[in-house]
Amino acid sequence: MRIVKIIAVLFLIFILWLGYLGYAALNLKPKITAEWGYVDDKTTELWLHIDLGKKLPIALRVDNVTIEWAGVKIGKVENMKLGFMQDKVDGVLILDNYKAVEALKNHIRGGEKSYVKIALGVSIFGILVFKKEFTQQVKTDILSQFNIKTESTGDLIKTPAVEGISSRWGPVGDKYITVYSDVKLYNPNSFPIPVSGVEFNVNIDNYPVATGTLVENTVLPANGYGVVKVKTLLDTSVLPKVWAEHIKRGEESDVSVIIYLKANVLNKEFRIKVADIEKKIKTNIIEQINSMLELKT
């Protein structure tokens, strides 16, 4: 009889526990937020904080949290655990910066349109009971950041003014991404300027990111407009360092664009600086990730 009473009490406790667990689970209002952690040129930490809103009388394990961009799995975290009667779980998602560069290449190949996916699963007693995937489309317009304009300077020989730069993506290779640009220039001088070469350099946070050369010789007409065609190679090997610095600076970077023309004017070789621009580029990647998680939870 005593054993029967003990079993009955245990069964009652189990029913009460199951009932509270069911009530708590049905009334959960989970909130997932993300923030940047440690970053270097190889890896980036993305901290995920899950607040269930209620303490659960059970231990859970969040399995195989992964993040994928443009079809490339760029990071994952395993075995995020929630202890008994806890309502919060934290975990760090380790992003592979070099995989992220491969994803960027796919993003560019796709016309600067791609998807970011974050997937996670929840297990109880080793059994997967919940699986969720968050998806957000990413659209960018990277090359528009380099559509610059400058004014003419000088006295005897005036520097051509940059009226605008129109760029498009070329081949995406293992080491370099090619960009073709049409640099529209205005020659304010009363004589034509034959352009025989171009030095086109882009630095981001003091890292040399891209260099450009002239595609074909051209002549800027006197008091007229001309287009200089430039082929620029973007060095993908330096991008992980640029990314790390960008995140360390709070998603802000200093970009410099310097353009020199090589020309023969009045039988003399000239190296004419037509652009020396510095600008800041800001992103809100972590805000977009949090917005994605908030909208879907």
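User: Is Glu-245 buried or exposed, or in between?

Analyst: Glu-245 is partly exposed, at 22% relative accessible area. Buried means under 20%, exposed over 50%, and partly exposed lies in between (1.4 Å probe, protein chains only). This is a predicted model: local features need pLDDT of at least 70, side-chain atom pairs count only at pLDDT 80 or more, and totals for chains, interfaces and linings use all residues. Residues are numbered from 1 along each chain as its sequence is written, and side-chain values use heavy atoms, without hydrogens and water.

User: Which side chain meets Glu-245 in a salt bridge?

Analyst: A salt bridge puts a side-chain nitrogen of Lys or Arg within 4 Å of a carboxyl oxygen of Asp or Glu. Here the partner of Glu-245 is Arg-249, at 3.2 Å from N to O.

User: What other salt bridge does Arg-249 form?

Analyst: Arg-249 also pairs with Asp-205, with the closest N and O atoms 3.2 Å apart. This pair links distant parts of the chain, 44 residues apart. Arg-249 is partly exposed because its relative accessibility is 36%. Asp-205 has 6%, so Asp-205 counts as buried.

User: How many salt bridges does the whole structure have?

Analyst: The search finds 11.

Notes: Helix = DSSP H or I, 4+ residues; strand = E, 2+ residues; numbered from the N terminus.
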